[in-house]
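Subject: Structure handover

Hello,

Here is the structure I promised to pass on. Please open it first, then read the notes below it.

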Amino acid sequence: MLHARPHEDDAEADAAHDRFRTDGYLPLPGLLTPEGLEALREEALRLEKIARRRDFAMACMDGSPRHMTTLGGETIARESHLIPELYADAALSHLLATLTAERVVAVPDLLERHVLNILHREGDTHGAHTDDYPYALVLFLESPATPSDGGLLEFAPRAASLTALNTADSRAAHHHPGDAYLLRSDTTAHRVTPLTRPGLRRTVLNFAYTTTTTEIRTTRSAHALYGDPGDLPLRCGSPR
Ligand SMILES: O=C(O)CCC(=O)C(=O)O
Ligand SMILES: [Fe+2]
């Protein structure tokens, strides 16, 4: 399912780790094998039928917009074998340990562990935020073909402040289906730029990881985006 050894030798792996530490972002082009991509796409299409449309402003993230369809980790754990298996895959854990130079572990909150994010309408966007946990591995199942279609990851290297996304230091990255990226997601402000026209789709799986030494400081934002509407309204940003 994965080309889990994208780095040919130790020198390449060291260079990847250095780049990740400097930028807080590391592209992993073609991480999924063609068969893996196909299997995950089918799984995502099946799961999309029970996913939920979200349209709101995230109060605890400067009111940044969420226009997307999502499915949280608890439902995915219940409805899918494939995705939880991939999340816990030994070769994937090894890759993440190499790139982060840490022992990464599953996040305790099942809701956030592995989530499905689907942008599928004109203007759909996953607005500016930081994540609750230190590492995010984002796997692309569908993506607009060209950067001008939107759906770009925009991130601010070494800056957790959301306003850093509006400065010249922020960067934008385009990814193809089958690509992935690793993000230092708790200290790197990031967002997904709006889809620019109807008919475009961008579907990702986001796998969240932590370390044994990371203090848990979960906010309510994940519950606003992935929980049941019955959970709302929440004092977004207040720790649980
Ligand atoms: O879709 C992306 O590229 C980013 C996803 C993300 O930031 C998240 O799920 O927290
Ligand atoms: Fe994120």
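First, a term: a polar contact is a pair of N or O atoms within 3.5 Å; within protein, one must be able to donate a hydrogen and the other to accept it, and residues adjacent in sequence count only if both atoms are side-chain atoms.

Some ground rules. This is a predicted model, where local features need pLDDT of at least 70 and side-chain atom pairs count only at pLDDT 80 or more, while totals for chains, interfaces and linings use all residues. Residues are numbered from 1 along each chain as its sequence is written, chains are lettered from A and ligands numbered from 1 in the order in which they are written, and side-chain values use heavy atoms, with hydrogens and water left out.

Ligand 1

A side-chain N or O atom of Y181 is 2.6 Å from an oxygen atom of ligand 1. For R202, a polar side-chain atom lies 2.7 Å from a ligand 1 oxygen. The residues around ligand 1 (a heavy atom within 4 Å) include N117, H126, V138 and Y226. H129, D131 and H190 are also among them.

The iron ion

H129 (NE2), D131 (OD) and H190 (NE2) coordinate the iron ion (ligand 2) at 2.1 to 2.2 Å. Donors are N, O and S atoms within 2.8 Å of the metal (3.2 Å for Na, K and Ca); water is not among the atoms, so sites may look incomplete. The donor spacing in sequence is H-x1-D-x58-H. H129 is buried, at 8% relative accessible area. D131 is buried too, at 15%. Buried means under 20%, exposed over 50%, partly exposed in between (1.4 Å probe, protein chains only).

Helix α1

Helices (H or I, at least four residues) and strands (E, at least two) are DSSP runs, numbered from the N terminus. Helix α1 covers residues 10–23. D9 caps its N-terminal end, with a side-chain oxygen 3.2 Å from the backbone nitrogen of A11. Just after α1, G24 has a positive phi of about 75°.

Which residues of α1 are buried? They are A13, A16, H17, F20 and D23. On the face turned away from them sit the exposed D10, A11 and R21.

D23 has 10% relative accessibility, so it counts as buried. Beyond its neighbours within four places in sequence, D23 is in contact (heavy atoms within 4.5 Å) with F155, P157, R158 and R171.

Best wishes
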